Amino acid sequence: MIGKLLAYLVRPFHDLSTVHQFLHSFRCKEPGRYLKDLPPTAVIICFHNEAWSVLLRTVHSVLDRSPEHLIQEIILVDDFSDMPHLQRQLEDYMMNYPKVQIIRAQKREGLIRARLLGAAVAKAPVLTYLDSHCECTEGWLEPLLDRIARDSTTVVCPVIDVIDDTTLEYHWRDSGGVNVGGFDWNLQFNWHAVPEREKKRHKNSAEPVWSPTMAGGLFSIDRAFFERLGTYDSGFDIWGGENLELSFKTWMCGGTLEIVPCSHVGHIFRKRSPYKWRSGVNVLKRNSIRLSEVWLDEYAKYYYQRIGHDKGNYGDVSERKALRKKLGCKSFKWYLDNVYPELFIPGEAVASGEVRNLGEGGNTCLDSPARKADLHKPAVLYPCHRQGGNQYWMLSKTGEIRRDESCLDYSGTDVILYPCHGSKGNQQWIYNSKTKQIRHGSSDKCLAITESKQRLIMEECSPIAARQRWSFENYDPSKL
């Protein structure tokens, strides 16, 4: 290995990213990096009507790219598939691989209960969950098990690389592209860059990174610790919210959640979820309400604002609250202060709600969805509807007009949604509550609408231009 490194270093540097990847790989494989006596794991793979080649790619990558003694069992949990190739054909095929066991649900259970079915039959001390459309890379497992061997309360996730859903090509992400998990107040998981405070803890890119949340599909956890945390909430249905629940209680109840840069697993990201809501019930919303009631303390109100305070029937959470009390878990405020201080707290906003233009008629509001697909697109206008959603904005103390993690941004052309960067500049807006104008910090222009009320524009500030006058809902200057 030393010889390879020296030979590589004397070559001309035409591709710095390749050099960076080589050095990262060298650190991950350096002798003595991992403990010799690692615990074996059960790999649990849940599937429903998965494609034959994709499922086999997942299983064989585990078998072929893991030290044999570290894979105690592979448990395939069939969530009531009805495709012929997943019946007798799958059983006959897997008879050639003694470590593979197939468990079949007797009815459609959904991802959460399917995972619990797998955990119930697992015998290994560590549980590793993978989706059924993955590819494990060489050396993926040892870095995960090493962290758990050193501390059984550490929950670990690999770097998730993208497998193209059209060509099935594997796209490797080097350590410079590692992100950590977060969430917004719609309780939707998101990825964001490693914070500077976290980067300062590390000497090199191979070291595990603390992450506020996990994506939830690919992770390893000590089985006893998982059980002590109460596994998943049995009141959760089908899919959604379980990743945040496990993330919050890991941190709040004495554990640590990490992304391990030396572990890489590819994943096919589907264009739509295969899980359907039954009988018109939005189970993601119901799961999120149960999560909020148990773990979010006084901060649950921010999620409830997004759903119009309509909690509906979310079931009994008394057992989950009793579990939290029994474990002596910390408060959600502790979590926000110590684990995720980057998250914007709506209660600290100077204003929240609609941003209404006060021009002729006064019924036009700033409007834009905040999905990832809508980033870099112009913000729009729409008749005010007072239903929050796309018209729910927050004005921060530093002058950001934001939708969760997206901010209004102006760099000379359109006013667009852009990931909030916290550096003011193109994202600083100064609201004058007397003139009702919103002045842009770096350009010194004012936000306005066209005469036709069809789109946003930026123009020279004028005290008599009604199109430049705006009102922020719930504006409280005392918070400045």
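This briefing describes selected strands, helices, loops and residues of the structure above.

The model is predicted, so local features are given only at pLDDT of at least 70 and side-chain atom pairs only at pLDDT 80 or more, whereas totals for chains, interfaces and linings use all residues. Residues are numbered from 1 along each chain as its sequence is written, and side-chain values use heavy atoms, with hydrogens and water left out. The mean pLDDT (the predictor's confidence in each residue, from 0 to 100) is 91 for the protein, and 92% of its residues reach 70 or more.

**Confidence at the start of the chain**

- Over residues 1-14 the pLDDT stays under 50. For this stretch the model has 12 contacts (heavy atoms within 4.5 Å) beyond four places in sequence.
- Where pLDDT is low, the predicted coordinates should not be read in detail.

- Threonine 128 belongs to strand E4, residues 126-130. Helices (H or I, at least four residues) and strands (E, at least two) are DSSP runs, numbered from the N terminus.
- The relative accessible area of threonine 128 is 1%, and the residue is therefore buried. Buried means under 20% relative accessible area, exposed means over 50%, and partly exposed lies in between, with a 1.4 Å probe and protein chains only.
- The side chain of threonine 128 makes polar contacts with the side chains of threonine 41, at 2.8 Å, and serine 220, at 2.7 Å. A polar contact is a pair of N or O atoms within 3.5 Å; within protein, one must be able to donate a hydrogen and the other to accept it, and residues adjacent in sequence count only if both atoms are side-chain atoms.
- Apart from neighbours within four places in sequence, threonine 128 is in contact with Thr41, Ala42, Val43, Ile44, Trp140, Phe219 and Ser220.
- E4 pairs with E11 in the antiparallel sense over 4 bridges; two strands pair if DSSP finds at least two bridges between them. Leucine 127 has isoleucine 221 of E11 as its bridge partner.
- In strand E11 (residues 219-222), Phe219 and Ile221 point one way, Ser220 and Asp222 point the other way, and all are buried. In a regular strand the side chains alternate between the two faces of the sheet.

- H3 has 13 residues and spans 18 Å from its first C-alpha to its last, close to the 18 Å expected at 1.5 Å a residue. The expected span is 1.5 Å times one less than the number of residues.
- The buried residues of H3 are Val54, Leu55, Leu56, Thr58, Val59, His60, Ser61 and Val62.
- Helix H6 (residues 141-150) has Leu141, Pro143, Leu144, Leu145, Asp146 and Ile148 buried. The buried residues of H6 pack against E1, strand E2 (71-78), E4, strand E6 (154-163), E11 and strand E12 (256-268).

- E13 is joined to strand E17 (residues 393-395) by 3 bridges, and the two run antiparallel. Alanine 351 stands opposite leucine 395 in E17.

- Alanine 379 lies in the loop between strand E15 (364-367) and strand E16 (380-383), and counts as buried because its relative accessibility is 7%.
- Not counting residues up to four places away in sequence, alanine 379 touches Leu366, Asp367, Ser368, Leu408, Val415, Ile416 and Leu456.
- Asparagine 49, which is not a glycine, has a positive phi of about 50 degrees; its place is in the loop between strand E1 (41-47) and helix H3 (52-64).
- Aspartate 404 has a positive phi near 55 degrees in the loop between strand E18 (401-403) and strand E19 (406-410). Aspartate 404 is buried, with a relative accessible area of 8%.
- Most residues other than glycine have a negative phi.
- Strands E21 and E22 (residues 437-440) pair in the antiparallel sense over 4 bridges. Their hairpin has 4 residues between the strands, and lysine 436 in it takes a positive phi near 65 degrees.
- Strand E21 (residues 429-432) has a covered face, Trp429 and Tyr431, and an uncovered one, Ile430 and Asn432.
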